[in-house]
Each structure stands twice: as structure tokens, then as C-alpha cells.
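Please keep the model open while you read this note. Look up each residue as it is named.

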Amino acid sequence: MTAGERAVTSTLRWYQQAVIYCIDVRSFQDSDGDGCGDLRGLISRLDYLARLGVTCLWLNPIHPSPLRDGGYDVADYYGIHPALGSLGDFAELCRRAEERGLRILLDLVVNHTSDQHPWFVSARSDPDSPFRDWYVWSETEPPDRRQGIVFPGEQDATWTFDEEAGAWYFHRFYEFQPDLNWANPEVRREIAKVMAFWLQLGVAGFRVDGAPFVLELTRPGADPAPKDFGILESWRQETQWQSGDSVLLCEANVPPSDVASYVGSRPDGPADRAQLVFDFLLNPKAWLALARSDAEPLVDALTNAVRLPSGGQWATFLRNHDELDLSTLTQEQRQDVFRVFAPRSRMRIYGRGIRRRLAPMLDGDRRRIELAYALQFSLPGCPVIRYGEEIGMGENLALLDRDAIRTPMQWDGTPNAGFSAARADRLVRPVAMRGRYGASTVNVRAQNRDPDSLLRWFENLIHTLRTTPEIGIGRCSVVDVPLPRAVLAHRFDAPTGSVLLLHNLADSELSVDIGPLDGADEPFDLLVDGPYDAPGRQLTGLRLHGWGYRWIRLFRTDRV
């Protein structure tokens with residue numbers, strides 16, 4: 001392969017070594033003093049994000065919306081919510097981001113629309129409307145109208161009778177979010193136009209919200225409905241025709257046997273559907289391991305990991321914009337996680353999840369926070385972090401549901417944390433100024449000035465990951481030697497070299513003996529939690545502090 005060919009391949013597969021930063025624009029930075037974050041505010045913070053080292057910005061919904069579900073009830077796919085700015089502002093954001101080497105992913109929320117979307121307004125008003133068949137209807141009450149509920153306790157049906165339409169309509173989520181009819185070719189053509197529109201404006205791709213539900217060909221009495229993966233295949237072809245290095249990132253919280261289907265049509269073939277898929281299989285196992293101070297759940301998950309089609313990549317996360325979903329754990333396992341990280345009922349949601357940020361879940365203990373993120377960044381795939389995690393922000397449990405973890409970014413210790421010049425009562429969400437995680441204590445400005453801050457540590461973590469390509473492109477394997485149960489030892493091997501990663505999930509210092517490994521002629525530490533003796537060639541007597549971690553380079557080649 002020539003140098004030019006390697007460069008092209010690297011560009012087209014940039015996602016394999018990406019560091020993705022998730023932003024709620026409304027809560028990030030207000031530029032005009034109206035109390036709501038906006039695109040101009042985000043533009044003003046791009047230098048901060050570039051310095052942090054992230055490579056891709058995933059924006060939660062920015063379209064016009066009644067905002068009954070945080071913008072996930074879209075009323076116009078071609079627009080920008082007026083409170084956030086204009087299409088011109090968005091084009092400027094894309095240009096300024098590109099100048100700093102930052103790509104942008106948009107949330108693609110097309111399983112459903114808002115009930116205020118002009119398509120649905122027309123569809124419900126007239127059975128002969130050209131948009132009637134853009135949604136899923138039933139003339140009689142469906143027998144399965146109380147099946148497949150996504151939000152137990154907040155939602156009691158998936159079919160609702162509409163007086164104006166004189167018929168029942170399907171909504172996998174809330175009743176104000178009617179599902180689009182993906183069996184209709186006109187719907188498919190229109191959403192393809194939507195994607196082309198935003199690609200032309202400069203986005204690098206889309207995070208596909210609720211991907212399994214988008215693929216459903218729903219009809220009354222057919223739940224679960226059959227899925228049409230041809231939708232993902234057509235999106236892949238159309239987006240790459242528009243932009244050769246564009247990507248799709250699927251939110252697909254599905255059983256292990258189904259995950260690979262979102263990436264490729266054949267397990268042993270290429271990734272011809274989405275390039276990226278969130279690792280919902282590994283996430284709860286990581287939290288179980290942290291709760292029990294026992295690496296076994298992670299050893300099991302890595303040993304039995306689903307193999308993605310060639311060119312596919314996992315997107316790893318610890319916390320995101322939603323609740324921490326523990327539904328794939330057993331009842332006993334779930335209770336173990338609840339007991340350690342969400343001991344009070346108000347910290348939980350839907351009976352299966354946790355509505356907290358990571359720092360308070362770990363009692364603000366810097367050692368545990370570092371361990372958790374060092375662990376995440378060492379797992380196969382590219383890491384996704386939520387805004388504010390890099391400074392250890394907390395949640396506001398006084399807010400409803402998932403809004404608890406969607407509070408404004410804490411930039412400094414001034415009123416409103418530097419987020420907005422508006423009066424406090426006009427803010428999109430309240431800013432916590434006091435308390436252990438309040439902006440008076442936890443903010444970007446203070447941590448920028450402190451060389452030992454969590455923010456500075458995050459910058460080093462991201463830099464280390466970006467100079468350790470094996471984690472993004474290499475083959476992962478658990479090191480098969482007797483170890484204390486609290487220690488996870490795994491390695492990555494790639495044409496660029498090999499790295500060994502050690503993480504101690506317990507609060508007691510210990511020593512591990514790995515033994516000689518192929519190629520480990522002059523091993524050295526890449527990332528550590530504190531001072532250690534240099535590793536020897538035999539890789540024995542390797543100390544780990546309580547909640548400690550060591551990334552050790554075994555060797556590096558000049559091949560790429």
C-alpha cells in the first residue's frame with residue numbers, strides 16, 4: 001500500500017480512532033443572553049474543544065420542535081430551532097469546526113415526528129391527505145396496543161385514538177411522537193433528501209436514534225414487527241455517495257445475536273450498513289464490574305464479544321444523555337449496581353436505569369473517576385463522552401426524569417456559571433452554583449488554571465489514546481494468566497504495535513505477574529495513575545495502586 005493509499009484509507013475510516021463529544025446545544029453556551037444555549041455560543045467554545053482533543057461533536061437535536069421530549073419530537077427536519085440560531089449559523093459552525101479538525105454528527109430522529117409536524121397535521125386532518133400513509137394507522141383498536149412500551153410508568157400504550165383522524169395511530173414512544181411509516185417509499189425518499197441536505201451543509205454523518213424501531217414495518221397486531229435492514233443499506237450508499245467519509249452511528253440496544261446486523265449484511269463480510277454502533281452490551285457489564293470491584297463481568301464480555309463485520313466499530317460510553325440502562329442485567333446484578341451507584345429511589349428511572357452523572361455516582365473520588373474513564377478509553381472501539389464529564393459535573397435530581405443530567409455547562413464560578421447572561425429564572429435549565437458539584441467549585445476556568453485538575457487529566461488521556469492507535473484498530477484479547485479478581489488485563493495487537501492495559505477495580509494495592517509477552521523487549525508506561533517502577537521485560541511484580549491503572553506499550557513498529 002502506498003503512502004497516498006494509506007492516507008485515503010485513514011481519512012475514510014477516521015471514525016475508528018475518533019473521540020466523540022456529545023453536546024446539548026441548549027445547555028452548552030448562550031451567546032445572546034436569552035437563557036438558552038445556541039450555535040453561536042458553541043462556535044465560541046470550539047477552541048476549548050479542540051484543546052481538549054476530541055475529534056467529533058455529536059449534537060443532540062437542533063431542529064424546530066415543541067420540546068416536549070428534549071427536541072426528540074421534530075417538527076421540521078430542514079430547519080434550526082429559532083432559539084438556537086439559523087441555517088447560516090450552522091453552516092458557520094461546520095466551517096469553523098472543520099478548521100480545527102472537528103467533525104459534526106447530527107441526531108437523526110426519524111422513527112417518529114412531533115404531532116405538530118406539518119406532515120402529521122395534514123395526515124390527521126383528512127383521510128385523503130397525501131401524508132396520511134406517511135404514518136401508521138388502524139381503523140380499529142389494535143389488539144397489541146399495550147405491548148412494546150419503551151417508557152414504563154410514563155407511557156401506557158403504543159397506539160392512541162385520534163379524534164380528528166377518527167383512527168388509531170402508532171407511536172413507539174410518547175403519544176405526541178407518531179411513528180413514520182417506513183413501509184412507504186415516499187417516506188424513505190424524503191428522509192434521504194433530509195440527510196443529503198445536512199451533508200451538503202457540512203455534517204460528517206448521523207447518529208441514528210432508536211435504530212431498531214426505524215427499521216420496523218409496523219402493522220396492527222404485529223409486535224414485534226419485521227425489520228427491513230435495507231433501509232440502513234440504502235442510507236449507507238446514499239450518504240457515502242454524497243460524502244465519501246460520512247458515517248452512521250446506530251443506537252441499537254438489542255440482543256448480542258442482532259447487533260452485527262446493524263453494521264453489515266453478513267457477519268464475515270464488510271460493514272455495508274452503519275459504520276458505528278453503540279456498545280450497549282459492554283456498558284452495563286462495566287458498571288457491574290465497578291460495583292462489585294470484580295473484573296469478571298468485563299472478562300466475560302470481552303471474551304465473548306460480538307464480532308462486527310470488517311470496517312465496523314464500537315462506540316463505547318459510560319454515561320450519555322439518557323439514563324444508564326441496566327435492563328440487560330439480571331435482577332441480582334441490577335440491584336448490586338443500584339446499591340452502589342443509585343442507593344435512593346429518586347436516582348433511578350423506569351425501574352431499570354440510573355439518572356445520574358458519573359462523578360457523583362463515584363462519590364467524587366478522583367481515583368475512581370480516573371479509573372472509570374481510563375477503563376472506558378481502553379475498551380475496543382472509540383469513546384463517547386458527554387459534555388461536562390471532563391470536569392466532573394454533577395446532576396440535579398430536582399429536575400424531572402432525564403433532565404437531571406442535562407444541566408448547563410459550568411464554565412466558571414460567576415453567576416450562571418458563565419453559561420448565560422440571562423436572569424437565573426430565564427435559563428433553559430437551572431445551574432447548580434453551590435454544593436460539592438456546583439459551579440462555584442467545579443468549572444472549566446478553575447480547572448484550566450490547575451495543572452493537576454481533572455480537565456488537564458482528560459486532555460492527557462485523550463492525547464494518549466490518539467497516540468495509541470492499537471486500541472482503535474487492533475485485535476483485543478484478555479491476558480490469560482492467573483490474576484486477582486479485581487484486575488482486568490487485556491492487550492491490543494495491530495500492525496502499529498502492541499499495548500498491555502491493566503486496571504485495578506478495587507481500593508487495595510496489589511501486584512500482578514503477567515510473564516513474558518511476545519515482542520515486549522523494552523516495555524514502558526504510557527498512562528499511569530501514579531508513580532511506579534518501570535516495567536521489566538518479564539512483566540512481573542507490576543504494582544497497581546487501589547483503583548489504579550497502567551497502560552504499557554509492549555512495542556511499536558514503523559508500519560501503518
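This is a predicted model: local features need pLDDT of at least 70, side-chain atom pairs count only at pLDDT 80 or more; totals for chains, interfaces and linings use all residues.

1. An unreviewed UniProt entry places the feature "domain: Glycosyl hydrolase family 13 catalytic" at residues 22–423. That label comes from the record. In the model, the span 22–423 is 29% helix and 12% strand. Its end C-alpha atoms lie 26 Å apart.

2. **Helices H10 and H12: geometry.** H10 covers residues 282–292, and H12 covers residues 331–341. Their axes come within 9 Å. They cross at roughly 60 degrees. H10 and H12 are therefore oblique to each other. The crossing is left-handed.

3. **Helices H10 and H12: contact.** Which residues of H10 meet H12? They are Trp287, Leu288, Leu290, Ala291 and Arg292. On the H12 side, the partners are Glu332, Gln333, Asp336, Val337, Val340 and Phe341. Sorted by class, the contact of H10 with H12 has seven nonpolar, one polar and three charged residues.

4. **Helices H6 and H8: geometry.** Now turn to H6, residues 185–201, and H8, residues 230–242. The axes of H6 and H8 come within 10 Å and cross at roughly 30 degrees. Here the crossing is right-handed.

5. **Helices H6 and H8: contact.** H6 contributes Arg188, Ile191, Ala192, Met195, Ala196, Leu199 and Gln200. H8 contributes Ile231, Trp235, Glu238, Thr239 and Gln242. How many residues of each class does the contact of H6 with H8 have? Seven are nonpolar, three are polar and two are charged.

6. **Tyr350.** Check the backbone here. Tyr350 is not a glycine, yet its phi is positive, at about 60 degrees. Tyr350 sits in the loop between strand E12 (348–349) and strand E13 (353–354). Is Tyr350 buried or exposed? Its relative accessibility is 12%, so Tyr350 counts as buried. The cut-off for buried is under 20%.

7. **Leu539.** Leu539 also deserves a look at the backbone. Phi of Leu539 is near 55 degrees, a positive value in a residue other than glycine. Leu539 lies in the loop between strand E19 (524–528) and strand E20 (542–544). Its relative accessibility is 0%, so Leu539 counts as buried.

8. **Arg426.** Find Arg426 in the loop between strand E14 (382–386) and helix H15 (444–448). At 42% relative accessibility, Arg426 counts as partly exposed. Which residues does Arg426 touch, not counting residues up to four places away in sequence? They are Gly33, Asp34 and Gly35. Compare Ser265, which is 161 residues from Arg426 along the chain. The C-alpha atoms of Arg426 and Ser265 are separated by 49 Å.

9. **Pro267.** Pro267 lies in the loop between helix H9 (256–259) and strand E9 (276–278). With a relative accessible area of 55%, Pro267 is exposed. Leaving aside its neighbours within four places in sequence, Pro267 is in contact with Arg307 and Pro309. Pro267 and Arg45 are 222 residues apart in sequence. In space, Pro267 and Arg45 are 41 Å apart, C-alpha to C-alpha.

Technical notes: Residues are numbered from 1 along each chain as its sequence is written. Side-chain values use heavy atoms; hydrogens and water are left out. Axes are lines fitted to C-alpha atoms, for helices over the stretch in contact, and angles run from 0 to 180 degrees between N-to-C directions. Helices (H or I, at least four residues) and strands (E, at least two) are DSSP runs, numbered from the N terminus. Angles under 35 degrees count as roughly parallel, over 145 as roughly antiparallel, 65 to 115 as roughly perpendicular and the rest as oblique. A crossing is left-handed if the near helix is turned anticlockwise from the far one by less than a right angle, and right-handed if clockwise. Contact means heavy atoms within 4.5 Å. Ala, Val, Leu, Ile, Met, Phe, Trp, Tyr, Cys and Pro count as nonpolar, Asp, Glu, Lys and Arg as charged, and the others, Gly among them, as polar. UniProt positions are given in the numbering used here, feature names are shortened, and annotations may be inferred rather than shown by experiment. Buried means under 20% relative accessible area, exposed over 50%, partly exposed in between (1.4 Å probe, protein chains only).
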